[in-house]
Amino acid sequence: MIKYTLNCKNGHQFDSWFSDSESFEKLKKKGHLECAICSSKEVEKSLMAPRITSDSERKNKTLISAQSALEKEIRALKKKIKTTAIDVGENFPTEARAMHYGEKEEKPIFGKTTMDEAKDLADEGIPFIPLPWSDDKVN
Ligand SMILES: [Zn+2]
């Protein structure tokens, strides 16, 4: 059951119960709705409370779906990295540097580094991308 606050064209306001949101429209179309005070059949749902509730519900749903799309993308990216790149763990700065200076064969790697080390790598022109998740969760 849904309670709607209804307004008639003469400005009367009254509450009425409906089995669902469609039954209001059905009853109105058939002329079965009328003002409790003046019997006018020109009755509209009040735009007050119900409108606010459904808007905030819609916003929440949009947020949730955007979040799960991002999580899906990150999961796909994790999977791709796990299958194509080698986990060098804490040795990431050493390995990245060795490959950059031609001491080691170039291959895709991933691993951990500190902010300071990452800054040094960037200063030396060594290409890397920060992963959009916490390092512990790569595996
Ligand atoms: Zn009325």
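User: Which residue in E2 stands opposite Lys 3?
Analyst: In this predicted model, Lys 3 stands opposite Trp 17 in E2.

User: And what is the bridge partner of Leu 6 in E2?
Analyst: Leu 6 has Phe 14 as its bridge partner there.

User: How many bridges join E1 to E2, and do they run parallel or antiparallel?
Analyst: Six bridges join strand E1 (residues 2–8) to strand E2 (residues 13–18), and the two strands run antiparallel.

User: What is in the turn of that hairpin?
Analyst: Four residues lie between E1 and E2, and Gly 11 in the turn has a positive phi of about 90°.

User: What about E3, how many bridges join E1 to it?
Analyst: Three bridges link E1 to strand E3 (residues 43–45), and these strands run antiparallel. Cys 8 stands opposite Val 43 in E3.

User: In what order do the strands sit in the sheet?
Analyst: The order is E2-E1-E3, in an open sheet of three strands with antiparallel pairing. E2 and E3 are at the edges and each has a single partner strand, so one side of each is left without a neighbour in the sheet. On average, neighbouring strands of this sheet are turned by 40° against each other, direction ignored.

User: Changing topic. Which residues of H3 are buried?
Analyst: In H3 (residues 92–100), Phe 92, Pro 93 and Ala 96 are buried. Seen down the helix axis, the buried residues of H3 fall within an arc of 95°, so they line one face of the helix.

User: Why would residues three or four places apart point the same way?
Analyst: An α-helix has 3.6 residues a turn, so residues with that spacing point the same way.

User: What do the buried residues of H3 pack against?
Analyst: They pack against strand E4 (86–89), strand E5 (109–111) and helix H4 (115–123). Just after H3, Gly 102 takes a positive phi of about 75°.

User: Which residue has a positive phi although it is not a glycine?
Analyst: Ser 39 does, with a phi of about 65°. Ser 39 is in the loop between helix H1 (21–29) and E3.

User: Is Ser 39 buried or exposed?
Analyst: Ser 39 is exposed, because it has 8 other C-beta atoms within 10 Å and the cut-off for exposed is 12 or fewer.

User: Last one, Thr 84. Where does it lie?
Analyst: Thr 84 lies in helix H2 (residues 49–84). Thr 84 is exposed, with 10 other C-beta atoms within 10 Å.

User: How far apart are the C-alpha atoms of Thr 84 and Pro 108?
Analyst: They are separated by 6.9 Å, while the two residues are 24 residues apart along the chain.

Methods: Residues are numbered from 1 along each chain as its sequence is written. This is a predicted model: local features need pLDDT of at least 70, side-chain atom pairs count only at pLDDT 80 or more; totals for chains, interfaces and linings use all residues. A residue is buried if 20 or more other C-beta atoms lie within 10 Å of its own, exposed if 12 or fewer, and partly exposed in between; C-beta atoms are placed from the backbone. The arc is that of the directions from the helix axis to the C-beta atoms. Two residues are in contact if their C-beta atoms, placed from the backbone, lie within 7 Å. Two strands pair if DSSP finds at least two bridges between them. Axes are lines fitted to C-alpha atoms, for helices over the stretch in contact, and angles run from 0 to 180 degrees between N-to-C directions.
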